[in-house]
Amino acid sequence: MKQSEVQNSSLILVAAGMGTRLGAGLPKAMVQVAGKSLAEHAVDRALGIPQITEIIVVTPPQDERLAAAMAQYGDKVRTVPGGASRAASVRAGLAVASSAATNILVHDAARAFAPAKLHEQVLGALADEQCNAVIPALNVTDTICVVELDAAGEHEIIKETPARSILRAVQTPQGFDAQLLRDAHAQLDGCTEAELEKVTDDASIVRAFGAEVHVVPGSQQAMKVTYPGDLDAAGKLAANQPAATPSAKEETMILPRVGNGIDVHAVSEDPTREMWLAGLHFPEDTGLSGHSDGDAVAHAACDALFSAAGIGDLGTHFGVDRPEFAGASGVSLIAEAARLVREAGFEIGNVAVQFVGRRPRFAARREEASKVLSEAIGAPVSVIATTSDGLGYEGEGKGVTAYATALVYPVSG
C-alpha cells in the first residue's frame, strides 16, 4: 500500500499570476466571484479533503494582499511569494512543502471550482503503485488543427488535423509522487526565465524527466478563468456548487435585515408650536402636531429600525400610553430606538429617510440633519427631502410625510 492511501499529501495552489487577459486590474486569484476571491474558492474546496494535510498558496511577488486574505484560514494554509513564471512559482511552493508529504498536488487558482471529488480522484489514482503522475483531462469536442506559416510567411495554413479521439484538454489539480516532482523540477535549474515561461504545466516537466503521466477524466467544473466572459460561468458554478467545507467567512456569514417606516404629522394649529424635524429646530416655521415634538423624520426612522429588528413599532415603545415620552425630542426617541435594537441583539448598518413637505426649507441643512441623527444612533443616517409638486396635504403645506428604510444585522455570539 502506498503512503498516498493515508492522509499525507500537500497541495500547492498557484495563485501568483497577474491575469492580464482578464483585465481586472488586480491579480487574477484575487478577483471576486460571488463574494469571495478565486483563491478562497479553491482553498475552500481543498480543505474538506482528508488526504490533503497542508495547503500552500503561492502569491503574487511583491504583493501582500492575497497573503493577508489567506490569514483567515489560520495554520491550515501557508503562503509563499511566487516567481516570474508559473514554473518558478511552483518551485517556490515546493521549497516550503513538507518533506513528509508523499504526494503533491499542483492546482491553479484560475480553476477555482474544480470539485473536491476531482482532487480525490487524482489522489486515488496515485494510490496505485504503478502510478506516480496523474492529470485530469477532458475529451476534445472541437476540431483541432496544427498550423504553420505559408511560404511567404504571411498567412497561417493547416499543417495537420489530429484525430479528436487522441486529444485531451488538460486541467488541474495535477498529482505527483513528491520526490518525482522535486527531481523533475530540479532539472530546470539551468533554464533561463524565457525558457521557464514556455513551461505551461507540471505534467510536461515530469514527462521531460522521463516519467509516464496517467490521465483520469476531468470535470467541466474545473474550467479556467482567463477572459472577462469566463466570470459569468464561474458565478454560476459558485451558485450551484457548494464548497466541500465552508470557509471561515461562510461559517460566520451574517444576513442583514431591512425594515421600512412611515410617519405622518399635520402642521399644528398652534402658531407658537416649535418646528422640529430631522433633529433640527426651524424657528421660522410652525411645528407639527403630535404626542412628542412631532419630528416625523425621526419617528419614521424609529419605525424602520423597529421593523427591521422585529420588535414592534413606534406605538409599542413610545405610544400615548407612555406619558414619559410626551414632548420628547425626535433625537432622544431615535437614540432610545437604537438602544432597544441593540438590546434585542442587532447592530445598525444604516438608516435612510426621505420626507415630503412644502416646508421647512431643508436643502441647506441636510448635512447637519444627517450628522445629528447619525450621532444619536451611532450609525450612518442620511436624510433627503422633496415636495409633492403642490399635490395633496404636503403640497398644500398642511402636513409632512416621512419614509424611512433601516438595515440591521444580528450580532453573532
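Okay, let's start with a word we'll need: a pocket here is an open set of grid points with protein on both sides within 12 Å along at least five of seven lines. And keep in mind that this is a predicted model.

With that in hand, let's take the second largest pocket. About 260 Å³ of space lies in there. Who lines that pocket? There are 13 lining residues, and R111, L138, A169, Q171 and Q220 sit nearest the centre. If you're looking for strands, β7, residues 133-139, and β10, residues 168-170, each supply at least two residues of that lining. By class, the lining splits into 6 nonpolar, 5 polar and 2 charged residues.

Now, on to the largest pocket. Its volume is about 950 Å³. The lining has 35 residues, and the ones closest to the centre are R21, R86, D108, T200 and K224. Sort that lining by class and you get 14 nonpolar, 12 polar and 9 charged.

So which helix gives the most to the lining of the largest pocket? That's α7, with 3 residues. You'll find α7 at 202-208, and α3, at 86-96, also supplies at least two residues of the lining.

Let's stay with α3 for a moment. Is this helix mostly covered or mostly uncovered? Mostly covered: 8 of its 11 residues are buried. The buried ones are R86, A87, A88, S89, V90, A92, G93 and L94.

Methods. Residues are numbered from 1 along each chain as its sequence is written. This is a predicted model: local features need pLDDT of at least 70, side-chain atom pairs count only at pLDDT 80 or more; totals for chains, interfaces and linings use all residues. Side-chain values use heavy atoms; hydrogens and water are left out. On a 1 Å grid over the protein atoms alone, a cavity is a set of points where a 1.4 Å probe fits but cannot get out, and a pocket is an open set with protein on both sides within 12 Å along at least five of seven lines; lining residues have an atom within 4 Å of a point. Grid points are joined across faces, edges and corners, and a volume is the space filled by probe spheres set on the points. Helices (H or I, at least four residues) and strands (E, at least two) are DSSP runs, numbered from the N terminus. Ala, Val, Leu, Ile, Met, Phe, Trp, Tyr, Cys and Pro count as nonpolar, Asp, Glu, Lys and Arg as charged, and the others, Gly among them, as polar. Buried means under 20% relative accessible area, exposed over 50%, partly exposed in between (1.4 Å probe, protein chains only).
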